[in-house]
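Hi,

Here is the structure I promised to pass on. Have a look at it first, and my notes on what turned up follow below.

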Amino acid sequence: MPLTQTGAIIHTDLEEFHGQVGSWTPGRPFPLLAGPSVTRYQELLAARGVTGLPAVAPEPRPGVVLSAGSRAALAAGHLLAAATGRPHQYLEVWELPGALAAHRDTLVAVVGLAGDLSALGDWPGGLAPRAGVLTARDASALMSLVYRTLTLPALGTTGRFKVTHPSESDAATADAVGFDELTPLTRDAFTSLVVRSHGRECCAHLPDGIICGRSDHRDGLLPLIEEGDRVPSCLRGGGCFRTDLEDEARLSAADVNASLVFVQSCSAVALGNNAFPAEVNLGLGFLSGISVAVVGPVGVHAAQGVSKDDFEAGVAEGLPLGEVVERLNVHAQRTTGELARFGLFGDPALTFATPSAQPPAERRAPARLADVAVTGLAPADPALLDRLTYWNGTVLPRLDRLHWLGIEPDGERMTELRARVRSATREQLRGATAGESAALAAELRALQADLMEDLVDRVHRTWWQYSDGTLAALRQVSAEPLTCPGCRKDRAVLMRLQHRVEPELRVQCVQCRRCGSLQWSTGEIADPGQHGAYEVRAGRGTPAPLHRRVVNPTGHEAHGAVGFAFVAGSFAALPEGWSRAEALPPHRHRAFDWTVDLASPEVVPDEHEAVFLQLIDGVYEATTLTVLQTD
C-alpha cells in the first residue's frame, strides 16, 4: 500500500506507481517509488525540522524535456514537464541525438536511466551545449531526483563548502584539504560544494582518502561485473584500487549533503562517454544522495582556477545551470579547449540565485561557442595574456640566444623571469590585475639595462666586434642590393646570416664596400638611412652633435636599453660611453640626441669608431658611427 506523506505518495508497487503518473498535476501528491534515495531525502528533511514530504508547486521553466529509454524515463520526464510547464517528448534512445541536435539552441532536459543513456556512445551535451541530463542508476533514484529538483527550497540549505587537494594553488582557501576535514559534509547541509582535486570516473582523491562514486552501502551489496575491459577492481571483488587506504577513508558521494556540486576532477560527469560502469561514477554517486545537480568535467580535465570563479559568478547571477555550463565551455575554447569541457547532471533550467531586477528579456544573452572570436570572452584580459605570450615565446628566447654573440644574461635572473612569467600567467587566468605584468616589464627592462651597461663598458675597453669573434659560425643565406645609407651610393647590400649551430639566431647586416659594416641586428633592419647620419665631424673643443632614432614597430610596449660608446675608447683617451633604460610605446619612435666633446689634448685627430647600441625586447642592434676629428 502506498504511503502518503503530505506532498508525496511513496509507492512500493511499480504498476500502481505508473498508473498514477499519467494523471498527476501540480497540487496533487507527487508519486514516488520507495528506495534508498527517497529514504535519504526523508531523513535529511526530518533532521532539518521539515515534517512530511513537501508538495510540488508549479514553477514555469524555459526549454524542453526529452525522455528516452524505459518506462521510468517516460514517467520522470512527464512529471518534470508537467510541473514546469515545458513540452515533453518521449523517444527511443537511438532517436535522442537527432532530437538534441534539433534543440541545440534550447535548454534541453534529458531524462533517462543511466544504463539506457550509456548506449548513446558519447556525452549528450556535445549535441546541445545547454543540455542537462537528469539520470540515476534505478527508477526510484530517478523519481527522487526529479522530486528533489522540484522541491529544492524545502531543504533550506545555506553556504558553500570547498574541498581542494593540497597540491592545488588555492588550497590555502579551502575548507578541507584532507579526508579528516570532510565531516561537515555529512553533518550539515550546504547549498553548494566545490571539489578541486585529482581523480577518475569513480572518485576524487585526497592524500588520505577519497570521495567515492559508489553508493552500495545504501543500494545493497556492490554488484560484481566480470565482463568489460574497464571494470574497476571493486566491481571484480578486489576492493578499492587505492590499496593505501582503509575502507573508513572512503566517503560515499551519496552521503554528501550538498544540493549543487561543482567538481574539477577527471571524468566526474560520464554518461555515454563512460569507460567505467555507471555503478561507480562519481557524478551519479552525488545524485544518489540529495544533490540535484552536478557540474563537472567530461573526460580528462586540465583544471583552471578561473573555471570555478566563472561557475560561481554564473550561479550568483541567477543564470540557468545550462547557461552556466555553456559559458564554462565557451571560455574553455580560449584556454585548454577539450581539456576543460564541462557537462551537467541535472535540470539545465534550474537556478540557484534570484536574478537581478533586470527583466529576463533584457538580460545579456549568453555567449555561444561560435561567437567566441567576436565576443572576446576570456578568463583573463586578452591584452595581458598576449603580452605574457610575447615575453615567454619571443623576448626570453631572444635573450637566451645572445650568449652566441658574447652577451651573457644572468642565469639566475633568467630562471626567475621564466618562473615569474609562469606565475603571472596562472594569476591572469584567475582574473588578477595587471600589477604583476607591470613588475615583469620593469624587470625585463632592468635586466637589459644591466646588460647594456656592461656592453658599453666592454666596447669602451676593448676592440669590440658585434659578432664577438663568432663570425665563422654565421653563414650568409641572402644578400640584397641596397643604397648605402652612409655614402648614398649603390654599393651596399643587406645581408642575412644564420647561425650554423643555433639556427634560431638570425642576424642582418648593412655592408658597404666603402663604408664597411654600418648596422648589425638580430631583428629586422628597416629604412637604415632614416635614423641619423653615420659620419659626424668634430673640432677640438667643439661638442659634436649625434642623433639616432629608435622605432618600435610592434603592437606591444617595448622594453630595454640604449647606449653609446667609442670602440676601444679607453686606449685613445676618448670620453666614456653612456647607457639608459627605455620603454617604447607600440608603433612609435623615440629620438636620441647627445654630444661628444673631444677637447682632451690626448685625443689624436683621426677617425674614431663609435657605436650606438640597442637591446630592446631581446633584439640586439648596433649602428657604427664615425666621428671625424679635424684638428
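Predicted model: local features only at pLDDT ≥ 70, side-chain atom pairs only at ≥ 80, totals over all residues.

Buried or exposed, then, for serine 192? Its relative accessible area is 14%, and the cut-off for buried is under 20%, so serine 192 counts as buried. If you skip residues up to four places away in sequence, serine 192 touches Gly159, Arg160, Phe161, Ala258 and Leu260.

Glutamate 168 is another buried one, at 18% relative accessibility. You'll find glutamate 168 in the loop that runs between strand S8 (160–164) and helix H7 (184–187). What does glutamate 168 contact once its neighbours within four places in sequence are left aside? The answer is Arg196 and His198.

Next, strand S6 (residues 108–113). Six of its six residues are buried, so S6 is largely enclosed by the rest of the structure. Val108, Val110 and Gly112 point one way from the strand, while Ala109, Val111 and Leu113 point the other way. Which strands does S6 pair with? One of them is S4 (residues 64–68), which runs parallel to S6 and is joined to it by four bridges. There, leucine 66 has valine 110 of S6 as its bridge partner. Another is S7 (residues 132–136), also in the parallel sense, with five bridges to S6. In that pairing, leucine 113 stands opposite alanine 136 of S7.

There is also an open sheet of four strands, in the order S10-S11-S12-S13 and with mixed pairing. Its edges are S10 (199–200) and S13 (250–252), each of which pairs on one side only. Inside it, S11 (residues 203–206) and S12 (residues 209–212) pair in the antiparallel sense over four bridges. If you have an eye for cysteines, note that cysteine 203 has cysteine 212 in S12 as its bridge partner; "bridge" here is the DSSP strand-pairing kind.

Now for the helix pairs. Two packed helices are described by the angle between their axes and the distance between the axes.

Take H3 (residues 71–84) and H6 (residues 139–150): they pack at an angle of about 10 degrees, and their axes are 9 Å apart. Angles under 35 degrees count as roughly parallel, and H3 and H6 are therefore roughly parallel to each other. On the H3 side, the contact involves Ala72, Ala73, Ala75, Ala76, Leu79, Leu80, Ala83 and Thr84, which meet Ala139, Leu142, Met143, Val146 and Leu150 of H6. Sorted by class, that contact has twelve nonpolar residues, one polar and no charged ones.

H10 (residues 305–316) and H11 (residues 321–332) are the other pair I'd point you to. Here the angle is about 150 degrees, with the axes 9 Å apart. Anything over 145 counts as roughly antiparallel, and that makes H10 roughly antiparallel to H11. The crossing of H10 past H11 is right-handed. Ser307, Asp310, Phe311, Gly314 and Val315 make the contact from H10, and Leu321, Val324, Arg327, Leu328 and His331 make it from H11. The residues of this contact divide into five nonpolar, three polar and two charged.

Arginine 488 has phi near 65 degrees and lies in the loop between S17 (474–482) and S18 (492–499). At 53% relative accessibility, arginine 488 counts as exposed. Alanine 573 has phi near 60 degrees and belongs to the loop between S23 (558–566) and S24 (578–584). Alanine 573 counts as partly exposed, at 29%.

Last stop: valine 477, in strand S17. Valine 477 is partly exposed, with a relative accessible area of 45%. Which residues does valine 477 touch, not counting those up to four places away in sequence? They are Arg496, Leu497 and Gln498. The C-alpha atoms of valine 477 and glutamine 498 are separated by 6.8 Å, although the two are 21 residues apart along the chain.

Cheers

Note on methods:
Residues numbered from 1 in each chain as written. Heavy atoms only, no water. Axes fitted to C-alpha atoms, helices over the stretch in contact; angles between N-to-C directions. Helix = DSSP H or I, 4+ residues; strand = E, 2+ residues; numbered from the N terminus. Parallel < 35°, antiparallel > 145°, perpendicular 65-115°, else oblique. Left-handed = near helix turned anticlockwise from the far one by under 90°. Contact = heavy atoms within 4.5 Å. Nonpolar A, V, L, I, M, F, W, Y, C, P; charged D, E, K, R; others polar. Buried < 20%, exposed > 50% of the residue type's maximum accessible area, 1.4 Å probe, protein only. Pairing = 2+ DSSP bridges.
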